[in-house]
Amino acid sequence: MTTKAPKKFSLIPVLIGVGAVALIATVILTMSGGSTVEEFGAPVVTGTALPPASDGTDLALGLPIPEVVGGNFDGDEVTITRDGRPKILVFLAHWCSHCQAEVPVVVDWIEAGNLPEGLDLIGIATSTASTRPNFPPSEWLEREGWALPTIVDDADFSVGNTFGLDAFPFWVFVAPDGTVAGRTSGELEPETISEIAATLLAMPPAG
C-alpha cells in the first residue's frame, strides 16, 4: 500500500502548518468486501456531499457539512448535525496502522481531561473488511478504551465518501455554524488537537 504526505488545512493562523506535525497517512485504495453484517451500520446521510479532499486549496472550506443519523456498535443512535456546536470528526479504519497509533493518543488526551465542554468529538468507523488486519473494529476500539460516540459506516462507506475521505486517519473540523473549518489526514499530536479544539470554540456561534 502506498502512502502520501498529509494535507495542510486552514482554520486561523495558530493552526497554519499543522499538516507538518501529522505523520504519513495511509491512502485508501480498494476497500472491498468480507465484513460481517454486525460490523456495518445503516447511517442515513442528508445534505450535499463535500468535494473530495485533495492537495492544495480545500474546496470544502466554508461549506455546510452533511448531516448523519447513525448508530454505534451497540445500535445506540449517534448523530452529526448542524446544531450550533463545534465538532471534531475522526474517521478510522481498523486495518490502518496510523489509526491504530492515533486511537490511544486520543484516548489518553480525553482521559487527561483535555476535551473541552461545548465541543463534540465523534468517531466514524469505516472501510471495514473482515479480510484485512485487526478485524473487527468493535473489538479493537473496545480494547483501546475508546468511549467516544462513534458512528458505524455502512458497506458502501457512505459517511466517509460523503465527507470526502481519502486517507486515514481523516479529520474534519466543524465550526459552530455547521460549516467545514478544515480537513486533514494523518496522526495529530495531542497539543495540536488541543489547539484545534480551542480554535473551534473561539469561532463565532451559529446565527
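Contact here means heavy atoms within 4.5 Å. The legends below describe close-up views of a predicted model.

**View 1. Surroundings of Leu 89 in the nonpolar core.** With residues up to four places away in sequence left aside, Leu 89 touches Ile 80, Ile 122, Ile 124, Phe 163, Phe 170, Trp 171, Val 172 and Val 174. Leu 89 belongs to the largest nonpolar core, which comprises 47 residues. Together with Ile 80, Ile 88, Phe 91, Trp 146 and Phe 163, Leu 89 is among the residues that touch the most other members of this core. Two or more core residues come from each of strands E5 (77-80), E6 (87-92), E7 (120-125), E10 (170-174) and E11 (180-185), and from each of helices H1 (97-111), H2 (137-143) and H4 (190-202).

**View 2. The open sheet of 5 strands.** The strands follow the order E8-E7-E6-E10-E11, and their pairing is mixed. Strand E8 (150-152) and E11 form the edges; each has a single partner strand, so one side of each is left without a neighbour in the sheet. On average, neighbouring strands of the sheet are turned by 20° against each other, direction ignored.

**View 3. The pairing of E6 with E10, and helix H4.** E6 and E10 run antiparallel and are joined by 5 bridges. Within this pair, Ile 88 stands opposite Phe 173 in E10. Helix H4 lies across E6, E10 and E11, and runs at about 140° to E6.

**View 4. The hairpin of E4 and E5.** Strand E4 (residues 67-71) runs antiparallel to E5, with 4 bridges between them. Val 69 has Thr 79 of E5 as its bridge partner. The hairpin has 5 residues between its strands, and Gly 75 takes a positive phi near 90°.

**View 5. The two faces of strand E5.** In a regular strand the side chains alternate between the two faces of the sheet. In E5, Val 78 and Ile 80 make up the covered face, whereas Glu 77 and Thr 79 make up the uncovered one. Ile 80, on the covered face, is also one of the residues in contact with Leu 89.

**View 6. The largest pocket.** This pocket has a volume of about 240 Å³. Its lining consists of Asn 72, Phe 73, Asp 74, Ser 138, Glu 139, Leu 141, Glu 142, Trp 146, Ala 147, Leu 148, Pro 149 and Thr 150. Helix H2 gives the most to the lining, with 4 residues. Trp 146 lines the pocket and is also a member of the largest nonpolar core.

Definitions and conventions
Residues are numbered from 1 along each chain as its sequence is written. This is a predicted model: local features need pLDDT of at least 70, side-chain atom pairs count only at pLDDT 80 or more; totals for chains, interfaces and linings use all residues. Side-chain values use heavy atoms; hydrogens and water are left out. A nonpolar core is a set of buried Ala, Val, Leu, Ile, Met, Phe, Trp, Tyr and Cys residues joined through side-chain atoms within 4.5 Å. Buried means under 20% relative accessible area, exposed over 50%, partly exposed in between (1.4 Å probe, protein chains only). Two strands pair if DSSP finds at least two bridges between them. Axes are lines fitted to C-alpha atoms, for helices over the stretch in contact, and angles run from 0 to 180 degrees between N-to-C directions. On a 1 Å grid over the protein atoms alone, a cavity is a set of points where a 1.4 Å probe fits but cannot get out, and a pocket is an open set with protein on both sides within 12 Å along at least five of seven lines; lining residues have an atom within 4 Å of a point. Grid points are joined across faces, edges and corners, and a volume is the space filled by probe spheres set on the points.
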